Structures are given as C-alpha cells and as structure tokens.
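Please keep the model open while reading.

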Amino acid sequence: RWREAVRRARGGGPRPLTVMLPGTMGSALSAGGRAVWLHYFTLLRGGLGKIALGAREVSADDLLDDFYGPLLEFLAEHHRVEIFPYDWRLSVRAAAARLAAALEAWLPQAEREGQPVYLVAHSMGGLVARAMIADGGRGAAVWQRITRLPGSRLLMLGTPNLGSYEAVRWLTGFNPTQARLALLDFTRSTSEVVDLVREYPGLVELLPFAPEDPDFADPARWTLLRESLQARWKIPPEEALRSARETWSLLRAAPPEPACMAYVAGCQRATVIDYELQDHDEDSWLSGRKRIAFIAGREGDGTVSWASGLLPGVPTWYVDDTAHDALCVQRKAFAGYLDILAKGATTRLPSAPPQRARALADEPAR
C-alpha cells in the first residue's frame, strides 16, 4: 500500500520532499537479480552466501515493508516521498556518496518549488546522512543546498551516533537475530554466520566508538576476546577495522547542527551498554574458560542507548514503550514526527525521558 501512496504523492502539486533512509538490514538485497534479503526461502537454502562480502551483482532494491511501510504510507499523505535503499553490508561512507548523488537528482524540483527537504533516517541511516554531510566535498555541498531551503532538516530515529554494543553481540554470536538466522539457514552454524557478517564494514562500523569506549578497532582486542572465550568465530578483518576507525574519526569530528537536526529515541526496559568477561564456576566442565556477560542499562531503546545516540544540543523527543525496530511502525508517534519535520518541535511527544524509564526503584541501574 505504501508504494501506491508514494506514487500518488509524486503526482500532486508542490510538497515538501521527504527522503527515507532505512537502518541496518532495512534495505532489501538481491544477487544476480534474485531476492536474497529478506527472502526466507532463499535463506533456507543457504542464500546468505549470495550476499557475502565480495559476492557479485548484489544490489539494494527496496525497503522492507514490515519495518518502514506504515511510516512511508503516513508521510506520503503529506509529502513527496523518495526512498533510499542502500547496501548496508558496506561502509556508511560508500552509502553516503550514493546518497549525495541521489539527492542531486531529487533536489532541483524542491528548489524550483521552494519546498523544504526532510531526511528521515532510521538507525544506521542517520550515520549515512551524517557521513554525507561531513565528507567535505560533494555531500557537504548537497547539504548546503538542502539547508538553504527554509525549514529543511535531518530527523534521526534511534541513530547510534556513537555506535552500539549490539554490534559486539553480533560479532561474538550472541545477537538474537543472528541466532534466528542460524536456525533459518540450515547450511550454517552460528559461528559460520558470525564469520560471514564479521567482514561487513557496515556492521563493524556500528561498534561502540565513544571516547570512553574500548578501542574496538584494535585487532588485539578481538584476538584476546576470542581466546578468552575459546570461541570458534574469526576476528573481524583488519581492513574492516581500519575502515571503521576512519569512519568513526569522520563522525566524531563532525559537529552537530542543532538548528536543522532532531532526534527521536525509543524507550525499553533494558539496552546493552557494556560487557565483561567472567570465570565459570570451578566445578563446571567449562572451568578455565571465560564467558561473556552483557551489561544492560535502563536508558535506551533496546538496541541503542540514549548516551550513544543523542548529540549535544540537538533537540530530542522520546517515544515511550517503543523498541528500536518499531520506531517506524509506532503509529502513535507519527503525528509528532510530522510536527518536528514541519515546525522543528512537537508537543505530541515528551522532550524528557519518561519517568518509568528514568528510574525504577526496585531495579539496579546496571
């Protein structure tokens, strides 16, 4: 239904232009013209191998309906909508270069009509947009054109602006989605799924990179972690780690622009914010081997902590009882999103964390 709504909106009179950028794994991928992600029958037959890094003829064709359809249908009632599927396996800098080219094609109509341009970016999509803005060249020039149109802005929905410890869970084989993939793909174990995705620069770039975080771009850290756990998965390739460090340096050096940026955070009871290595009990058959324990905090959307998402000075609102993956399907929030895009503010969403998420007297902070 959203595709038909988007087509109709393009045929109307002058309207603001909204470009939807999905998050990690939110773009449909095909290989050789055949759907792979997220095509369950293909995955059952070992289709993940068709989107291994280096696989030929892989393209991003569409957005996943279940995650983005409701918001796209809503936005098309008010705006001219374009979608920007991208290959989330690759670096956000590669996607940023493609975004700049796409916007150059879409911008002239908005400029002729004097309409604002809104970039609505879920999760990793916000990093793509910010990498474009910070590229110092073609992307920065496109952003300047956008911001010259009054009212234009970037709205980030749960963007991990300083990474997420969920990426650590992915690369150690403890992410629930990864476990489901291993069950779905009869041809691969969980360790083999880790070995496949660990090469994706886009996933490695999602590792935590706040100043106080460990240096996850250091191969020695991954070697020590694997040896301590006596795990069978391989460490991320040094090339992917070097690329991640370059991306992190770019993003950390990019100052936020509060006048034309906004952030919306989801709220869940627990979000992973750290990890630690623990000893197994002495009488356990695993004695002598470490286990990894993930530490959760109350301030986050279940995937991205507020501390790693929010940018200094950028106005922020919260959607209560909403997980990271639901930020684009939570219909009660859509009117608030529309207010933020049109006016830069809203009273339909709270601008302070909900009291329930902020403090639960009967639970520890970690």
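Helices (H or I, at least four residues) and strands (E, at least two) are taken here as DSSP runs, numbered from the N terminus. The structure is a predicted model, in which local features need pLDDT of at least 70 and side-chain atom pairs count only at pLDDT 80 or more, while totals for chains, interfaces and linings use all residues. Residues are numbered from 1 along each chain as its sequence is written, and side-chain values use heavy atoms, with hydrogens and water left out.

**The pocket**

A pocket is an open set of points on a 1 Å grid over the protein atoms alone, where a 1.4 Å probe fits and protein lies on both sides within 12 Å along at least five of seven lines; lining residues have an atom within 4 Å of a point. Grid points are joined across faces, edges and corners, and the volume is the space filled by probe spheres set on the points. The largest pocket holds about 840 Å³ of space, and of the 37 residues that line it, Met 25, Trp 170, Asn 175, Thr 177 and Asp 325 are the closest to its centre. Which helix gives the most to the lining of this largest pocket? It is α8, with five residues; α3, α7 (166-172), α8 (176-184) and β9 (271-279) each supply at least two.

Helix α3 (residues 65-76) is mostly covered, since nine of its 12 residues are buried, where buried means under 20% relative accessible area, exposed over 50% and partly exposed in between (1.4 Å probe, protein chains only). Among the buried residues of α3 are Tyr 68, Leu 72 and Phe 74.

**The sheet**

Six strands form an open sheet in the order β5-β1-β6-β7-β8-β11, with parallel pairing; two strands pair if DSSP finds at least two bridges between them. The edge strands, β5 (80-83) and β11, each pair on one side only. Neighbouring strands of this sheet are turned by 20 degrees against each other on average, direction ignored, with axes being lines fitted to C-alpha atoms and angles running from 0 to 180 degrees between N-to-C directions.

Strand β6 (residues 117-122) pairs with β7 (residues 153-157) over five bridges, and Tyr 118 has Arg 153 in β7 as its bridge partner. Strand β8 (residues 261-266) and β11 pair over four bridges, with Gly 266 opposite Val 319 in β11. Both faces of β11 are covered: Thr 316 and Tyr 318 on one side, and Trp 317 and Val 319 on the other, are all buried.

**Aromatic contacts**

Rings of Phe, Tyr and Trp (its six-membered ring) pair if their centres lie within 6.5 Å; planes under 30 degrees apart count as stacked, over 60 as edge-to-face and the rest as tilted.

| Pair | Centre distance | Plane angle | Class |
|---|---|---|---|
| Phe 216 and Trp 222 | 6.0 Å | 45 degrees | tilted |
| Trp 306 and Tyr 318 | 5.0 Å | 70 degrees | edge-to-face |

Trp 306 lies in helix α13 (residues 306-309) and Tyr 318 in strand β11 (residues 316-319), so this pair ties together parts that are 12 residues apart in sequence. Trp 306 is buried at 6% relative accessibility, and Tyr 318 is buried with a relative accessible area of 6%.
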